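Here is a short report on one protein chain. Look at the sequence and the 3D structure, then read on.

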Amino acid sequence: MYRFLLTPRWFGINVFVLLAIPFCIFMGSWQLSRFEDRMTESRDAKQQVSTDEREAARPLAELLPVDKVTSGKQVTATGRYDKQLLVPDRQLGDREGYCVLTLLRTDNGKALPVVRGWLPGTPDPAKVPAAPKGEVTVTGALQASETPGDNGVSAQGGLPAGQTAAISAASLINLVPYGVYDAWVTLNTGDSGMNAVPATAPADSGLDLKAFQNLGYTGEWFVFAGFVVFMWFRLLRREVEFIRDAELGILPDDEPRERDQEQPQEKASA
């Protein structure tokens with residue numbers, strides 16, 4: 001009864017199934033490994049932030065450009081505070097507020113964005129403590145420039161003068177007549193009584209949407225593998241039922257009609 005499995009048609013079906021199932025399992029396992037890697041990166045990144053806080057601060061020039069290795073490292077820089085901006089819609093704990101961002105002009109003329117602290121409520125320049133005068137040395141955690149629309153960073157435009165949605169060199173360079181480092185620093189201790197803004201893990205190292213997409217793709221590939229097996233058994237069952245019906249003389253509905261059409265033609269030829 002199962003000799004039909006050796007026919008060319010079923011040979012092709014079997015080869016397809018034998019190739020499709022391992023491929024689906026391989027792709028599902030690969031997507032699962034990508035999700036596990038992102039989980040490990042997220043855990044390591046959080047641990048690294050705590051470790052970096054205890055390390056000795058290093059000069060800014062030694063840690064640029066910012067990447068996954070240098071992000072969160074303790075850095076020190078010297079200069080004079082210049083232009084000050086407020087960054088709205090920033091959450092600290094369960095409270096809404098804004099960051100106080102001041103550009104630190106270094107000896108080479110470029111400015112380093114420094115988050116001096118965080119204040120609750122809506123941005124109000126009158127409530128913001130003035131930046132220290134004269135030459136200052138700051139110490140804090142190095143961070144990469146933000147990308148508007150990513151990781152909760154607002155992409156809002158049309159903000160009032162003196163505000164910026166993202167702490168980004170691409171945005172700040174349009175507001176000042178000098179160069180801006182493609183990085184920023186959050187002080188370990190909030191300046192003038194403000195709350196310090198904790199350092200965050202590097203971009204693409206957390207359980208973001210991409211990580212859960214990998215988990216979703218894992219499920220899809222394993223479902224595909226199960227669907228291939230299901231369809232193979234279904235085709236096999238239909239073929240066996242067809243052979244049994246043929247042995248019992250039970251023909252499909254379309255075959256009697258075909259024979260009825262052939263009989264008048266035979267009579268006409270006779």
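The side chains of R116 and D191 meet in a salt bridge, at 3.1 Å from N to O. A salt bridge here is a side-chain nitrogen of Lys or Arg within 4 Å of a carboxyl oxygen of Asp or Glu. R116 lies in strand β4 and D191 in the loop between β6 and α3, so the pair ties together parts that are 75 residues apart in sequence. Helices (H or I, at least four residues) and strands (E, at least two) are DSSP runs, numbered from the N terminus. Strand β4 covers residues 111-120.

Both R116 and D191 are buried. Buried means under 20% relative accessible area, exposed means over 50%, and partly exposed lies in between (1.4 Å probe, protein chains only). For R116 the relative accessible area is 0%. The side chain of R116 also makes a polar contact with the side chain of Q84, at 2.6 Å. A polar contact is a pair of N or O atoms within 3.5 Å; within protein, one must be able to donate a hydrogen and the other to accept it, and residues adjacent in sequence count only if both atoms are side-chain atoms.

## About the model

This is a predicted model, in which local features need pLDDT of at least 70, side-chain atom pairs count only at pLDDT 80 or more, and totals for chains, interfaces and linings use all residues. Residues are numbered from 1 along each chain as its sequence is written, and side-chain values use heavy atoms, with hydrogens and water left out.

## Other salt bridges

How many salt bridges does the structure hold? The count is five. Side chains of opposite charge can pair when their charged atoms come close.

R9 is partly exposed, at 49% relative accessibility. Another salt bridge joins the side chains of E62 and R58, at 3.5 Å from N to O. E62 is partly exposed, with a relative accessible area of 49%. R58 is partly exposed too, at 36%.

## Aromatic rings

Four aromatic pairs are counted. The rings of W10 and W232 have their centres 6.4 Å apart and their planes at 85°, so this pair is edge-to-face. The rule takes rings of Phe, Tyr and Trp (its six-membered ring) whose centres lie within 6.5 Å; planes under 30 degrees apart count as stacked, over 60 as edge-to-face and the rest as tilted. W10 lies in helix α1 (residues 8-53) and W232 in helix α3, so the pair ties together parts that are 222 residues apart in sequence. Both W10 and W232 are buried.

F23 and W221 also form an edge-to-face pair, with 5.5 Å centre to centre and 85° between the planes. F23 is in helix α1 and W221 in helix α3, 198 residues apart. F23 is partly exposed, with a relative accessible area of 44%. Ring pairs also link W10, W232 and F233 into a cluster.

## Charges over rings

Which ring does the charged end of R105 sit over? It is the ring of Y178, with the charged end 3.9 Å from the ring centre. The charged end of K110 sits over the ring of Y181, 4.6 Å from its centre. A charge sits over a ring if NZ of Lys or CZ of Arg is within 6 Å of the ring centre and within 35 degrees of the ring normal.

## Strand partners

Strand β2 (residues 74-92) and strand β5 (residues 135-143) run antiparallel, joined by seven bridges. Two strands pair if DSSP finds at least two bridges between them. T76 stands opposite T139 in β5. Strand β5 is also joined to strand β6 (residues 184-187) by four bridges, and these two run antiparallel. Here Q143 stands opposite W184 in β6.

## Backbone exceptions

Most residues other than glycine have a negative phi, and most peptide bonds are trans. D89, in strand β2, has a positive phi near 60°. D89 is partly exposed, at 49% relative accessibility. S192 lies in the loop between β6 and α3 (209-247). Its phi is positive as well, near 55°. S192 is partly exposed, at 43% relative accessibility.

Where is the cis peptide bond that has an omega of about -5°? The bond joins L64 and P65. P65 is found in the loop between β1 (58-59) and β2.
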